[in-house]
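Here is a short briefing on a sheet and its ring contacts. Read it alongside the model.

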Amino acid sequence: KSLTTGGYTDWRLPNINELASLVNFSQANPAEWLNTQGFTGIQSASYFSATTHSNDTSEVWYVNMDSGIINPSDKNTNNYVLAVRGGQ
């Protein structure tokens, strides 16, 4: 699948390391904190990464932006996504 928005076509999902790097564990609510750091609309909810779980390819890793918890989730689960541009 591809995403075109803002005139750009190089959008992708971040890998689990990129996504997890957004979590500030010194904050009570990482999502609220991100929304004061240049992000808008980040929800206190789970966000999919592009990283497939190595033991079960029907699952991908996600980050909960409320708690910072990182866990695998079935690909058919309804979670948020945060698209990024460029890179690998």
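Two strands count as paired if DSSP finds at least two bridges between them. Strands (E, at least two residues) are DSSP runs, numbered from the N terminus. The model is predicted: local features need pLDDT of at least 70, side-chain atom pairs count only at pLDDT 80 or more, and totals for chains, interfaces and linings use all residues. Residues are numbered from 1 along each chain as its sequence is written, and side-chain values use heavy atoms, with hydrogens and water left out.

**Sheet layout**
- Three strands form an open sheet in the order β2-β3-β4, and the pairing is antiparallel.
- β2 (46-52) and β4 (70-74) are the edge strands, each pairing on one side only.
- On average, neighbouring strands of this sheet are turned by 40° against each other, direction ignored. The axes behind such angles are lines fitted to C-alpha atoms, and angles run from 0 to 180 degrees between N-to-C directions.

**β2 with β3**
- Four bridges pair β2 with β3 in the antiparallel sense.
- Phe48 has Tyr62 in β3 as its bridge partner.
- A hairpin of six residues connects β2 to β3.

**β3 with β4**
- β3 (residues 59-64) runs antiparallel to β4 and is joined to β4 by five bridges.
- Val63 has Ile70 in β4 as its bridge partner.
- Five residues lie between β3 and β4 in their hairpin. In that turn, Gly68 has a positive phi of about 85°.

**Charge over a ring**
- Arg85 lies over the face of Tyr8, 3.5 Å from the ring centre.
- For Arg, this requires CZ within 6 Å of the ring centre and within 35 degrees of the ring normal.
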